[in-house]
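Q: Hi! I'm new to this one, could you walk me through it?

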Amino acid sequence: MYVDIGNALDGDLGLAREDLDALDGRVADAHERIARGRADSEHGYAALNLPETCDPDAIRTAAAGFDPDHLLTVGIGGSALGAATLTDALGGDLDCRYLDNVDPVWVASILAGVDLSSTVVNVVSRSGTTAETLSNFLVVREAMEAAGVDWTERTVVTTGASGNLRAMADQHDLPALDVPDGVPGRFSALSTVGLFAAELAGADLDALLAGAAAEADRLAGSLYESPAYAYGATTYALAERGAVTNAVMPYAESLERFAEWFAQLWAESLGKDEHGQTPARALGATDQHSQLQLYRAGPADKLVTLVRPREADDVAIPETDLEGLSYLGGSSLGELLDAEFRATEASLAAAGRENVRVELDRVDEHGLGELLYGMEAATVLYGELAGVSTFTQPAVEWGKNAARGLLGGGDFPEADAVSEKRRLEVE
Ligand SMILES: O=P(O)(O)OC[C@H]1O[C@H](O)[C@H](O)[C@@H](O)[C@@H]1O
């Protein structure tokens, strides 16, 4: 992963090179703290050891013997977004769908669109108790039974040591992959959670983990020596100066899901104790024609992260004799996209708007391993600098408990009372 922070300096938010120099001592301390956490496999920090601790053979074994047309991953948040990022980015012939939401219309349409007799279901929940995931799985299971398909032959469970899902796997003797200890869901893309789908879709897991290991090797006690820390420290420094939004804008359709994965990682890890930065999802070049106006000329409270591969397959633009368009002929879509990328970067910089460039060599297994690991390490570093508890998500729990209470699955009377009190309906 390559990170260029030049355009984060001397913009409207006033971050100067000397500020980063002054921050670098804290980066060194944070790096030591992170290294200690990794050495002791502490909760959360253990995720940064996945390049060495993840066993790709266990994942290959679980996937062996299946040759489906469709993969239905049933999971939500960190139990879906890592796998979705990988399979979307890497492509391939397998039709990979992700049942994360519980919108009944959408779930029904997905089930109607796949041949269940040629579908593998991977039900993923670290806790094994998430209502959305378990409900969706019960619906899928019933649909398989109705279609005369033996769901026990086509289901792989990925879960932690206990919980309802583990009990179900034991009861039906289903193949089960373990979610490793100490790895929170949003940091689990490079574990069994994200890699089963990738393996089934034909990805090279060794190359993915090698990419992640290469990025791990680049972690060092200075932000100027580690791309991941350069990103984490710069975004933190900008947030402290008022960059409340981080708009992540990949210039590759295949990385659109990456921005979604990043949004959970960034928001859930860092949004605590009045800290954090709102992740916004954008896509280059499409959103140049939609969101860029705001990023260049709206409030000076944002950072734009421009992400792209350095190399990609290309398509030539045919010659044309249409007046005014001849400059396009003989060029290529890749060259146009590159020009759009650099123009956006220059346009933001010229307006004093901070942006950071993040690049990978290609959108392939190695590049994705670097990118996902690098962004996880950047998040952990930011969390250390901000002094927040990066690996917890207490604010999510209130809503989860409330939903359970409203369904009668728990005691949470406040939820009803609060929602009634706040109603101000206008017809
Ligand atoms: O994997 P699970 O235990 O089902 O959790 C799925 C998701 O649910 C929660 O609400 C957490 O906030 C997320 O961090 C997590 O990724």
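Here is a chat about the domains, a helix pair, salt bridges and some backbone details.

Q: Before we start, what kind of model is this?
A: It's a predicted model.

Q: Okay, how is the protein divided up?
A: There are two parts in the assignment: domain 1, covering 2-35 + 209-386, and domain 2, covering 55-179.

Q: How far apart do the C-alpha centres of those domains lie?
A: The C-alpha centres of domain 1 and domain 2 are 32 Å apart.

Q: And how many residues are in contact between them?
A: On the domain 1 side there are 13 residues, and they are in contact with twelve residues of domain 2.

Q: How much area do domain 1 and domain 2 bury between them?
A: About 1,000 Å², with 70% of that on carbon and sulfur atoms. Looking at the area that domain 1 buries against domain 2, R257, Q264 and L368 supply 48%, more than any other three residues.

Q: How many salt bridges does the rule find across that interface?
A: One salt bridge is found across the interface of domain 1 and domain 2.

Q: While we're on salt bridges, which residue pairs with D88?
A: D88 forms one with R257, and their closest N and O atoms are 3.4 Å apart. R257 is also among the three residues that supply 48% of the area domain 1 buries against domain 2.

Q: What does the salt bridge count come to overall?
A: The count is 23. Another example is D21 with R17, where the closest N and O atoms are 3.0 Å apart.

Q: Where do D21 and R17 sit relative to each other?
A: Both are in helix 1 (residues 17-39), and because they are four residues apart, about one helical turn separates them.

Q: Switching to helix packing, at what angle do helix 8 and helix 9 pack?
A: Helix 8 (residues 192-200) and helix 9 (residues 205-217) pack at about 140°, and their axes are 10 Å apart. The angle makes helix 8 oblique to helix 9.

Q: Which residues make that contact?
A: Helix 8 contributes L195, A198 and E199, while helix 9 contributes L205, L208 and L209. By class, that gives five nonpolar residues, no polar ones and one charged.

Q: Last topic, the backbone. Where is there a cis peptide bond?
A: A cis peptide bond joins G284 and A285, with omega about -5°. A285 lies in the loop between strand 8 (278-281) and helix 12 (292-297).

Q: And what is phi of S41?
A: Phi of S41 is near 45°, a positive value in a residue other than glycine. Most residues other than glycine have a negative phi. S41 is found in the loop between helix 1 and helix 2 (50-53).

Technical notes:
Residues are numbered from 1 along each chain as its sequence is written. This is a predicted model: local features need pLDDT of at least 70, side-chain atom pairs count only at pLDDT 80 or more; totals for chains, interfaces and linings use all residues. Side-chain values use heavy atoms; hydrogens and water are left out. Axes are lines fitted to C-alpha atoms, for helices over the stretch in contact, and angles run from 0 to 180 degrees between N-to-C directions. Helices (H or I, at least four residues) and strands (E, at least two) are DSSP runs, numbered from the N terminus. Angles under 35 degrees count as roughly parallel, over 145 as roughly antiparallel, 65 to 115 as roughly perpendicular and the rest as oblique. Contact means heavy atoms within 4.5 Å. Ala, Val, Leu, Ile, Met, Phe, Trp, Tyr, Cys and Pro count as nonpolar, Asp, Glu, Lys and Arg as charged, and the others, Gly among them, as polar. Domain bounds come from an automatic or database domain assignment. Buried area is the accessible area (1.4 Å probe) that two parts lose on being put together, summed over both. A salt bridge is a side-chain nitrogen of Lys or Arg within 4 Å of a carboxyl oxygen of Asp or Glu.
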